[in-house]
Amino acid sequence: MKVHYAIYDGIPLISKWVTIQNSGNQTVQINQVINEKLALVEEESAVVGSVEDMKKQHGLYIESNFAFNNAMRYHLSDQSLHWKADSTYTSQVNYDLKTPAIMEVYPTVGVGIKLAAKDNFSSIRSWELLMDSYDRERRGLAIRKMYRTIAPWTTANPIFMHLVSKKMSRFTPPLTSVPPQGTKHSSLALAAM
């Protein structure tokens, strides 16, 4: 097993993933791979509350390549970020030691594969961006810089244009602008009256 890190210049960002090589002669069952586990200080001091109810650490923005369901908001689409209580962190304010202080990255549904002899497996990849502010604009700028760094094509041209209208005449101007913009796909929907 190998743990891989990518450290980026000019931005407080690291990426992490795990690879497993079955160098044996038999198939190995892999149920789950946790590719990151961090113990963090609590975001808020609350004497009561559950992991689900309490604020999570805002000084670290975590994203993975395992997010889907088309929610258009990462925290709603994420299928890999898990916050857990740390009962060994006994100096926390929460009476029941339920502060979300452990962050783990792994797919919600286990990997569940049989790794054949001499075969390789690569885990999901996570990106961890340090944040220096609670300010929404500043955080947004940092996340956009992260995307420009790790996936510059996502900020270059619109890849998809979606247009809904009740009038057919409204489709012509946007469609004539598609090639110059570099749009790769258009979706048109004529709304019923």
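**Notes on the predicted model**

1. The mean pLDDT of the chain is 84, and 80% of its residues reach 70 or more.

2. The largest nonpolar core is made up of 8 residues, namely I11, L13, Y61, W127, L129, M131, I143 and M146. At least two residues of this core come from β10 (126-130), and at least two from α2 (136-150). As background, nonpolar side chains in soluble globular proteins tend to be buried together.

3. Which residues does I11 touch, leaving aside those up to four places away in sequence? The contacts of I11 are L129, A142, K145, M146 and T149; of these, L129 and M146 are listed with I11 in the largest core.

4. The structure holds 5 salt bridges. One of them pairs E36 with K16, with the closest N and O atoms 3.0 Å apart, and this pair links distant parts of the chain, since E36 lies in strand β4 and K16 in strand β2 (residues 13-21), 20 residues apart. Both E36 and K16 are buried.

5. A salt bridge also joins E104 to K84, where the closest N and O atoms are 2.8 Å apart; here, too, distant parts of the chain are linked, with E104 in strand β7 (residues 100-105) and K84 in strand β6 (residues 81-85), 20 residues apart. E104 counts as buried because its relative accessible area is 5%, under the 20% cut-off, whereas K84, at 32%, counts as partly exposed.

6. R138 forms a salt bridge with D132, and the closest N and O atoms of this pair are 2.5 Å apart. R138 is partly exposed, with a relative accessible area of 45%, while D132, at 58%, counts as exposed. Elsewhere, salt bridges that share partners join K37, K84 and E104 into one network.

7. On the surface, V47, V48, V93 and Y95 form a nonpolar patch, and together these residues have about 390 Å² of accessible area. V48 lies in the loop between β4 (36-39) and β5 (60-64). Why does V48 count as exposed? Its relative accessibility is 55%, and exposed means over 50%, so V48 falls in that class.

Note on methods
Residues numbered from 1 in each chain as written. Heavy atoms only, no water. Patch = residues over 30% accessible without salt bridge, like charges linked within 9 Å, V, L, I, M, F, W, Y side chains within 5 Å. Areas by Shrake-Rupley, 256 points an atom, 1.4 Å probe, with all protein chains shown as cover. Salt bridge = Lys/Arg side-chain N within 4 Å of Asp/Glu carboxyl O. Helix = DSSP H or I, 4+ residues; strand = E, 2+ residues; numbered from the N terminus. Buried < 20%, exposed > 50% of the residue type's maximum accessible area, 1.4 Å probe, protein only. pLDDT = per-residue confidence, 0-100. Core = buried A, V, L, I, M, F, W, Y, C linked by side-chain atoms within 4.5 Å. Contact = heavy atoms within 4.5 Å.
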